[in-house]
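Try each task before you read its solution.

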Amino acid sequence: MAVIADNCPDIFVTLVDKDKRKIDSWNSQDLSKLPIYEPGLKDVVERNRGKNLFFTNNLKTSIEEADMIFISVNTPTKITGLGAGYASDLKWVESSARIVAKYAKGHTIVVEKSTVPVRTAELIQAILINSVNKNTIAEEKTFSVISSPEFLAEGTAIKDLENPDRVLIGGDDELAINLLKDIYSRWISEEKILLTNIWSSELSKLIANAFLAQRVSSINSISSLCESTGADIKEVVCAIGSDKRIGRKFLSPGPGFGGSCFKKDILNLVYLCRFYNLEDIANYWEQVLIINEKHKERISSIIIEKFFGTVSNKKIIILGFAFKSNTNDTRESPAIKITKNLIENGAQLFINDPKVSNKQILEELKLKEFEIDNLSSGSWQFASDIEVASKDADAIVILTEWDEYKKINWGSVSAKMRKPSWVFDTRNILPKEKLKNLNINYWQVGT
Ligand code: UGA
């Protein structure tokens, strides 16, 4: 939304949320206190906030005054009830539609921006239409629902929004579609704006994420095969990626994919397939998730095996807790499972991340900093200084590909570590030459 404001100075963009604390942070004078870390976002907010970009809790007035409303709320996986563990929980989409239905005036275009199961637009439409029927001044209130899913990736969000591969608009109300198209056309070329029917638009978002996740699971699965056969995953990626039909993107092996979207969207896809009695297809896509879970377990097992089956009382430095670099997001981060496994095996972890706080790590691990895990005697603490933490450390495990970690002085770090020491590079970011002659053992995924 901030990028729309940035590109369209004549359009007033208001971000509305019930959560006062969130809105206060978006309005904070200190731009380092924005609720999310995203390269370039601070500058966009600074340029536009208070001019044509506003953050408010005032739902009523904002909705009353809006010509177009984007529903961009979370759609997490349901944890209870029908479809629990698979289906998306649409309660926030539904409550947003009800609030829009209540306060909207005149004609309002409602854009479905959240990632949703196919046919969610039907639900939104039903809620909105119902509100018109019950309204005494019905003729003053009309709605058009269109879909325009978001394809940005965290860490590159501003770049992706400024220069997307494509923008999708789904629907059948030509007027509404053209109005949204006019907004995007201010900075996106016409041929990148794809128009589809509303169900294709909703489904395409799920399928794009499923395909991307499938590539990551595929390359991670091949990384195990490389380790067993003597092939090198980097060479394999180069060889297969040179085929234009395959391409090189999204073929970096790692500790497993994380983030709030891939797992949730594939679960949702699996649910959808089962709903339509497409059991084989559901099983096919579910395998992408199963491989991802097993891959995370494989990484922690390798670390434990390299220490002859026990990491009890081993001092292990974890580099990176975010699910990828350039974000402070830890949702579904592979670091959660891998660090939990190590703690459960008695390791003493020193966790570093340039953007993730110790409070956030505590929330994910559900074990307080310095607290000893009852069953295993494992523990964790935050390590802000990697050099200091490396004193007598047995291992360093790279889980997030932050640039900072590429610049570590391995000579000095290795000299402080207890021998035999190990570096586990799950992101393949360190050139082997850097660690040569340093009296440190080295493991890299897929080699
Ligand atoms: C993903 C999609 O890429 C976006 O297009 C989509 O809009 C977004 O989900 C969403 O639905 O909101 P995001 O989850 O932010 O974006 O991040 P990705 O760059 O896709 O990475 C996801 C995970 O895969 C990360 O853990 C990343 O480290 C991992 N990954 C990615 C790899 O392990 N290897 C790769 O080659 C690429």
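**Exercise 1. Find what the buried residues of helix H3 pack against, then work out how they are arranged on the helix.**

Solution. Start with the partners: the buried residues of H3 pack against helix H1 (2-7), helix H2 (20-26), strand E2 (53-56) and helix H7 (157-162). Contact here means heavy atoms within 4.5 Å, while helices (H or I, at least four residues) and strands (E, at least two) are DSSP runs, numbered from the N terminus. Next, name the residues: within H3 (residues 41-48), Leu41, Val44, Val45 and Asn48 are buried. Buried stands for under 20% relative accessible area, exposed for over 50%, and partly exposed for in between (1.4 Å probe, protein chains only). Now look down the axis of H3: its buried residues fall within an arc of 95°, so they line one face of the helix. That arc is taken from the directions from the helix axis to the C-beta atoms. Finally, step just past H3, where Gly50 has a positive phi of about 85°.

A note before going on: this is a predicted model, in which local features need pLDDT of at least 70 and side-chain atom pairs count only at pLDDT 80 or more, whereas totals for chains, interfaces and linings use all residues. Residues are numbered from 1 along each chain as its sequence is written, and side-chain values use heavy atoms, with hydrogens and water left out.

**Exercise 2. Identify which residues of the largest nonpolar core touch the most other members.**

Solution. A nonpolar core is a set of buried Ala, Val, Leu, Ile, Met, Phe, Trp, Tyr and Cys residues joined through side-chain atoms within 4.5 Å. The largest one has 52 residues, and Ile316, Leu342, Leu349, Trp410 and Phe424 touch the most other members. Helix H13 (residues 334-344) gives the largest share of this core, five residues. Apart from this core lies another, of 32 residues, including Leu31 and Tyr184.

**Exercise 3. Determine how many disulfides the structure holds, and check Cys238.**

Solution. With a disulfide taken as a pair of cysteine sulfur atoms within 2.5 Å, the structure holds zero. The closest cysteine sulfur to that of Cys238 is in Cys226, 13 Å away, too far for a bond. Cys238 is partly exposed, at 35% relative accessibility.
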